[in-house]
Amino acid sequence: MAYLGTDIESLKVAAEAIKAGKLVSFPTETVYGLGADAFNAGAVARIFQEKERPSFDPLIVHISHIDQLSRLTRSITPVVLRLAEAFWPGPLTLVLPKQPEVHDIVTSGLDTVAIRMPNHLVALQLITLSGTAIAAPSANKFGQLSPTHHKHVTKQLKGVEYVIEGGSTTVGIESSVVSVDEMKIQILRPGAVTAADIKKVIPEVEVVDFTKPVDNHLPSPGLLNSHYSPKKPLYISNNLDLFAGKKYGYIAFSGDGEMSGPAKVFVLSAKGDFAEAATNLFRALHYFEEEEVDFIVAEPIAEQGIGVAIMDRLKKAAFQYLKD
Ligand code: TXA
Ligand code: MG
């Protein structure tokens with residue numbers, strides 16, 4: 001493992017590594033990705049090995065230019081183009097019918113492929129210099145915390161050739177994943193781009209909210225109930241009386257963090273801003289994974305806007321959700 005800077009010479013080294021079938025972890029606006037050439041099946045296989053990820057969980061393919069779409073999908077419809085125009089580069093992943101050239105290992109044998117253009121200069125430069133599309137899941141071991149800083153990546157992954165030192169990510173939670181057809185857009189994983197954001201852009205197409213149940217089958221193979229877990233028990237609760245006398249870290253949504261009870265408090269956003277809270281969520285969980293506390297308690301927040309995505313990640317990371 002070697003660190004690389006974000007200057008153009010370093011990115012050229014990273015791009016050569018991608019071309020040579022190696023793994024490079026790179027920053028995006030959401031979380032760090034563990035990238036390989038999307039069209040090199042052997043390189044993509046190494047992503048699954050390094051992450052210890054089951055092969056049924058497909059990857060997102062990252063592009064830097066809209067012209068790359070046609071190599072990946074045969075479905076470049078007006079709706080797709082309007083979504084791309086409105087949200088790319090940005091934290092929206094589109095699940096679309098795949099081209100035959102896209103290997104089964106990328107899509108876990110599905111006939112669809114997930115595609116996004118990240119809103120991060122380093123990621124866009126790396127993809128362009130590589131001359132290919134880059135398949136990349138989040139750069140963590142399967143089921144563990146997502147990395148929002150390059151130090152989080154090296155904490156978990158030892159076999160990756162290069163990690164680009166991009167510092168902290170800005171959005172802080174993974175992209176919204178949506179399946180798209182002409183009649184219906186379905187939110188498979190909530191993120192910073194919400195159903196309401198999409199409805200504003202395409203009012204005539206039905207947008208099925210993440211919170212609505214989907215007809216009886218798992219819409220996205222990666223949507224397991226347990227995910228994103230810290231190495232300590234995490235409870236979601238705002239009734240701190242339950243934990244009296246225990247040594248725990250508390251993730252507060254807002255405020256000044258002045259409270260008795262918890263051994264340490266991490267405030268996600270002093271002013272209670274949802275986007276800022278999302279930015280800091282995984283940082284808080286990584287922090288308490290390292291701190292001397294026996295477990296973590298997180299305050300539940302309202303499931304509105306990006307709050308839907310924050311609570312989705314917390315519930316999947318949690319050992320228990322203690323509702324009043
Ligand atoms: O923000 C992000 O999306 C980050 C950065 C690195 O871009 N990536 C990321 O990848 O979160 P990953 O692998 O951790 O999550 C990808 C999600 C999984 O839940 C997977 O099941 C879903 O996308 N997915 C991928 N391909 C799919 C497909 N063809 N159909 C349905 N869901 C798919
Ligand atoms: Mg992930």
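This is a predicted model: local features need pLDDT of at least 70, side-chain atom pairs count only at pLDDT 80 or more; totals for chains, interfaces and linings use all residues.
Start by selecting His-149, in the loop between β7 (134–135) and α7 (150–156). Residues are numbered from 1 along each chain as its sequence is written, chains are lettered from A and ligands numbered from 1 in the order in which they are written, and side-chain values use heavy atoms, with hydrogens and water left out.

Is His-149 buried or exposed? It is buried, with a relative accessible area of 19%; the cut-offs are under 20% for buried, over 50% for exposed and partly exposed in between, using a 1.4 Å probe and protein chains only. Show its neighbours next: leaving out residues up to four places away in sequence, His-149 touches Tyr-32, Gly-167 and Ser-168. Contact here means heavy atoms within 4.5 Å.

**Two crossing helices**

Now pick helix α1 (residues 8–19) and helix α6 (residues 121–130), whose axes come within 8 Å and cross at roughly 50°. Axes are lines fitted to C-alpha atoms, for helices over the stretch in contact, and angles run from 0 to 180 degrees between N-to-C directions. To see the contact, display Ile-8, Leu-11, Lys-12, Ala-14, Ala-15, Ile-18 and Lys-19 on α1, and Val-122, Gln-125, Leu-126, Leu-129 and Ser-130 on α6.

**Around β6**

Select strand β6 (residues 112–116) next: it is mostly covered, with four of its five residues buried. Strand β4 (residues 60–62) runs parallel to β6 and is joined to it by three bridges; two strands count as paired if DSSP finds at least two bridges between them. Look for Val-61, which stands opposite Ile-115 in β6. Strand β5 (residues 92–97) pairs with β6 too, in the antiparallel sense over four bridges. Here Pro-97 has Thr-112 of β6 as its bridge partner.

Which peptide bond is cis? Zoom in on the one from Trp-88 to Pro-89, with omega near -10°. Pro-89 sits in the loop between α4 and β5.

Then check two phi values. Glu-52 has phi near 55°, positive in a residue other than glycine, and lies in the loop between α2 (41–51) and β4. At 55% relative accessibility, Glu-52 counts as exposed. Ser-108 also has a positive phi near 55° without being glycine. You'll find Ser-108 in the loop between α5 (104–107) and β6, partly exposed at a relative accessible area of 22%.

**Into the core**

Switch to side chains for the largest nonpolar core, which has 47 residues. A nonpolar core is a set of buried Ala, Val, Leu, Ile, Met, Phe, Trp, Tyr and Cys residues joined through side-chain atoms within 4.5 Å. Those with the most contacts inside it are Leu-83, Trp-88, Leu-92, Leu-94, Val-180, Ile-185 and Ile-198. Helix α4 (residues 78–87) gives the most to this core, with five residues. Centre on Ile-198: not counting residues up to four places away in sequence, it touches Leu-83, Phe-87, Leu-92, Val-178, Ile-185, Ile-187, Val-193 and Val-207. Apart from that core lies another, of 29 residues, including Leu-281, Val-293, Ala-298 and Leu-314.

**The five-stranded sheet**

Go back to cartoon view. Five strands form an open sheet in the order β14-β13-β15-β12-β16, with parallel pairing. The edges are β14 (264–267) and β16 (320–321), each pairing on one side only. Strand β12 (residues 234–236) and β16 run parallel and are joined by two bridges; in β16, Gln-320 is the bridge partner of Tyr-235.

Helix α9 (residues 274–290) lies across β12, β13 (248–252), β14 and β15 (295–298), running at about 165° to β14.

Last stop: stay on α10. Of its 11 residues, 10 are buried, so α10 is largely enclosed by the rest of the structure. What covers these buried residues includes β10 (184–189), β12, α9, β15 and β16.
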